[in-house]
Amino acid sequence: MYIAMSVREISIRIKREVEQMSFQIVTTIVFTLSMAFFVLLLGMFINDQFKKIVIYEDFYFPHQLTTLSSPIYNLSVVSTHLVCNSSSNSSSNKSMDLKDFLSPKDLWHAMNDDELMWRASMVSQVKEYPFNRTPKVAFLFLTRGRLPLAPLWEMFFKRNEGLFSIYLHTSPEFNFEPPPSSVFYKRRIPSQTVQWGRASMIDAERRLLANALLDISNERFILLSETCIPLFNFTTIYNFLTKSNQSFLGLFDDPRKIGRGRYNKRMHPIITISDWRKGSQWFEVHRKLALKIISDVTYYPVFKNYCTPPCYMDEHYLPTLVNKVCPKLTSNWSVTWADWSAGGSHPTTFLRKDVTEEFLDSVRYGFNCSYNGELSSICFLFGRKFHPSTLQPLLRIGPKLLGFG
């Protein structure tokens, strides 16, 4: 019996010790958690006070703060300068100003066509410019590679800086760069392969327009090829274009097989036969019309799907689009002359022997047209197709006849 009582007492004693130990463990855990929470609160308080001190010092002593080498200080400088100190002279923290938005410093970018069209289609809702805007003419060269008549164009652009912009769409594999003294230096845009008569031709034209629209000062846009030449000096062409109240894009209803005969009935009802127009690929448009062209998401897909050879998009897309959305914005003729009198799918190519003063004057003043509601003897500003062999006679005639050089 004594043994039984001893066992019972030992059991009771062990139970009490276990309970006491459990209480101590729980107390220790609670105490540890409380201390951890307190340390966390203390850390948050210290961090908050530290940030306030850093921001205070950065606001009042930005120069001294930028000299510190600690990474945490440098991080504070970057974040606070964006908000409080936009006038910092540090090159790594330089703020953007208005000029960065007015004209891209570098034509080369990584945007795809969809991103480019979206970016270029942005239009300010404030009509008044917050700067002195001088309208520029954008010259859009659609070419395979080099410009064989570049020396003539160099002569044409000389001493007219600030009044023009140049954009080159070439074959993707073409990487020749003219010397820095050339007006064509670094004027190539990101380009893609182009096939004559295909949708890729229109893609290239829209790509040129969109890149040129990124410069807010570009007001007029003229599409040219490597075989084009100017027929007048820069001042005459600049004034003719910038003072015109219309664009210059030909569009007409051609009842023949090479006109209406190319219409695809599957374009209906978005595009009807009565909408269908034909015209020259070589357009000149003002900014308002250029924006409509690169913003089109209604008619372009229809043409891309249903206008394939013998339907040629470069002859029908823009004339039909303009006829649909803004027919009154164009004078209905092109300012780029070509000789189609021989017939065929391509105009006459002029050689060295063809270039004379009499020939050029017959193109310059041999026609009459309506300009701003009045009769004009100047109708064509550019001519094509001129073979590379015409360069030397053109350079010889240019200074006297064309008035530049």
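Some ground rules. Residues are numbered from 1 along each chain as its sequence is written, and side-chain values use heavy atoms, without hydrogens or water. Because the model is predicted, local features need pLDDT of at least 70 and side-chain atom pairs count only at pLDDT 80 or more, while totals for chains, interfaces and linings use all residues.

I start with the pockets. A pocket here is an open set of points on a 1 Å grid over the protein atoms alone, where a 1.4 Å probe fits, with protein on both sides within 12 Å along at least five of seven lines; lining residues have an atom within 4 Å of a point. The volume is the space filled by probe spheres set on the points, which are joined across faces, edges and corners.

The largest pocket has a volume of about 1300 Å³. It is lined by 46 residues, and Gln281, Trp282, Asp314, Trp340 and Arg384 are the closest to its centre. Helix H11 (313-325) and strand E6 (336-337) are the elements that give two or more residues to this lining. Helices (H or I, at least four residues) and strands (E, at least two) are DSSP runs, numbered from the N terminus. By class, the lining has 16 nonpolar, 20 polar and ten charged residues. Nonpolar covers Ala, Val, Leu, Ile, Met, Phe, Trp, Tyr, Cys and Pro; charged covers Asp, Glu, Lys and Arg; the others, Gly among them, are polar.

The second largest pocket comes to about 610 Å³. Among its 20 lining residues, Met122, Val123, Ser124, Tyr129 and Ile216 lie nearest the centre. Helix H4 supplies the largest share of that lining, three residues. The classes are 14 nonpolar, one polar and five charged.

Next, the strands. E1 (residues 136-142) and E2 pair in the parallel sense over six bridges; pairing requires at least two DSSP bridges. Leu140 has Tyr167 in E2 as its bridge partner. Phe164, Ile166 and Leu168 point one way from E2, Ser165, Tyr167 and His169 the other, and all are buried. Buried means under 20% relative accessible area, exposed over 50%, partly exposed in between (1.4 Å probe, protein chains only).

Phe176 sits in the loop between E2 and H7. Its relative accessibility is 33%, so Phe176 counts as partly exposed. Beyond neighbours within four places in sequence, Phe176 is in contact (heavy atoms within 4.5 Å) with Arg146 and Arg188.

Finally, H7 (residues 199-213): 15 of its 15 residues are buried.
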